[in-house]
Amino acid sequence: MTGAFERPVKMKTAVHRIKITLFCHQLITYACNDGDLFVYDCVTANKRTQEKGQAGQPTDKASNDILAFAFSSSGNYFALTDDNKHLILFRTKPSWECISIRSVVRRSTSLIITAAEDKILIADKSGDVYSYSITDPQAAGKLELGHLSLLMDVALSPDDQYILTADRDEKIRVSLTRAPHNIVAFCLGHKEFVSRIFVIPDYPDLLLSASGDCTLRLWEYKSGKEVYCCHLNSISKPDATNNDKKYAVSRISYCCQGSYIAILCDCIPTVYIFQLVADTQQLIHKKQIPLNHKGWDVALEETGELWIFQENKVTPLLLYRPMDGQWQPVNDDKGLLKMSKYLHDNWTVFEGSVGTDSCYHTLYKASFDNMTTYLQKKEQRLQQQQKRKRKELQHGTNGQNKKIKTGEPPL
């Protein structure tokens with residue numbers, strides 16, 4: 001899996017931005033204040049667990065690719081999971097340090113760290129959510145809740161009171177964090193799998209969701225009420241020739257300053273920017289940024305700067321800065337140049353991800369037109385029956401003619 005992530009991190013009275021790039025099995029961080037790079041390879045985690053004797057356990061063959069990742073709200077912690085079922089926890093201050101490597105039950109699809117920074121919640125492919133302690137970084141996981149379907153994403157309310165889970169079967173479930181068996185509400189309305197959910201930080205009663213049905217929806221999630229729906233295929237440019245594209249949202253990034261939302265859809269080389277109008281509970285489409293290559297990830301800084309990670313060795317990173325209400329490309333940023341150079345020099349790590357198909361195409365509902373097949377077979381049966389009847393009638397007529405001829409007296 002390939003992805004990028006950026007989050008402003010507060011350190012004392014200064015704002016210390018750290019840019020995170022995760023691709024395949026490597027984690028790269030770039031500190032904006034001193035320009036230092038920190039690189040961590042998940043292959044290291046696999047070797048460490050083997051040294052501790054865990055290699056003797058029967059496991060299936062897997063890569064070391066990063067599957068899910070998240071910062072804590074303060075930026076003090078960063079966690080990721082890989083394809084080898086490892087949960088790796090980092091402390092970011094005063095410098096990056098790996099503080100634990102634990103095994104998870106199944107491969108994960110999403111994770112999030114609580115606002116209290118005491119737990120990591122991990123959603124997995126079997127539909128379960130496990131919690132892992134941060135205060136006890138070696139403790140095993142605890143089962144919190146389960147779905148009957150594959151989980152696509154997990155989110156928390158800013159006060160940690162509610163845990164929200166989205167699954168393949170179109171459902172968004174809202175549960176109490178302290179008692180996950182207590183279901184508060186369901187947010188129902190999507191027609192396909194729910195790919196992403198996001199609780200708006202400065203409007204904590206609103207939930208943004210995205211689905212394979214080409215829609216973005218706003219919810220008052222505590223009551224399960226849908227308040228707004230935007231069809232992504234309806235805002236494509238007029239010259240677009242194919243409005244039947246599947247707009248499955250793969251990334252959502254939010255900027256509190258201006259309430260801007262950046263959206264990236266799977267296998268569609270365009271970044272969509274919306275603005276949330278909280279008073280009317282609407283999403284206003286502000287801009288589309290076309291890309292020359294497939295986009296892998298997007299990230300909005302609190303300053304409004306937009307980072308785009310794309311499938312191109314020459315220009316893997318793009319930076320757009322808001323100017324007079326519009327996002328303009330920037331080419332001379334120090335961090336952009338340094339990160340781009342590192343990605344370019346280590347592009348061999350990406351080669352396994354370049355040109356890959358959509359990771360969502362197997363999740364769509366399969367439709368079967370049984371009626372057409374039934375009617376075709378029925379028509380064939382009717383035609384065969386008619387042919388048999390004609391043959392029988394013809395055979396019967398021939399028999400009667402023969403009898404008449406044989407019964408005639410000789411002259």
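**Figure 1. Length and faces of helix H2 in the predicted model.** The twelve residues of helix H2 (residues 334–345) should span 16 Å at 1.5 Å a residue, and the end C-alpha atoms are 17 Å apart, so the two values agree. Five residues of H2 are buried, namely Gly335, Leu336, Met339, Ser340 and Leu343. Because these residues cover an arc of only 120° around the axis, they lie on the same side of H2. In an α-helix there are 3.6 residues a turn, so residues three or four places apart point the same way. Lys334 and Lys341, on the other side of H2, are exposed.

**Figure 2. The N-terminal end of helix H2.** Asp333 caps this end of the helix. A side-chain oxygen of Asp333 lies 3.0 Å from the backbone nitrogen of Gly335. Gly335 is also among the buried residues of H2, whereas Lys334 is exposed.

**Figure 3. Burial of strand E15 on both faces.** Strand E15 comprises residues 172–176, and five of its five residues are buried, so the strand is largely enclosed by the rest of the structure. In a regular strand the side chains alternate between the two faces of the sheet. One side of E15 carries Ile172, Val174 and Leu176, and the other carries Arg173 and Ser175; both faces are covered.

**Figure 4. Pairing of strand E15 with strand E14.** Strand E14 (residues 162–167) pairs with E15 in the antiparallel sense, over five bridges. Within this pairing, Thr165 stands opposite Arg173 of E15. Arg173 is itself buried, as is Ser175 on that side of E15. The two strands form a hairpin with four residues between them, and Glu170 in the turn has a positive phi of about 75°.

**Figure 5. Pairing of strand E15 with strand E16.** E15 also pairs with strand E16 (residues 183–187), in the antiparallel sense and over four bridges. Val174 is buried on one side of E15, together with Ile172 and Leu176. E15 and E16 form a hairpin with six residues between them.

Figure 6. The side chain of Thr109 reaches the backbone oxygen of Leu151 at 2.8 Å.

How values were computed. Residues numbered from 1 in each chain as written. Predicted model: local features only at pLDDT ≥ 70, side-chain atom pairs only at ≥ 80, totals over all residues. Heavy atoms only, no water. Polar contact = N/O pair within 3.5 Å; in protein donor to acceptor, adjacent residues only side chain to side chain. Buried < 20%, exposed > 50% of the residue type's maximum accessible area, 1.4 Å probe, protein only. Pairing = 2+ DSSP bridges. Expected span 1.5 Å × (residues − 1). Arc of directions from axis to C-beta.
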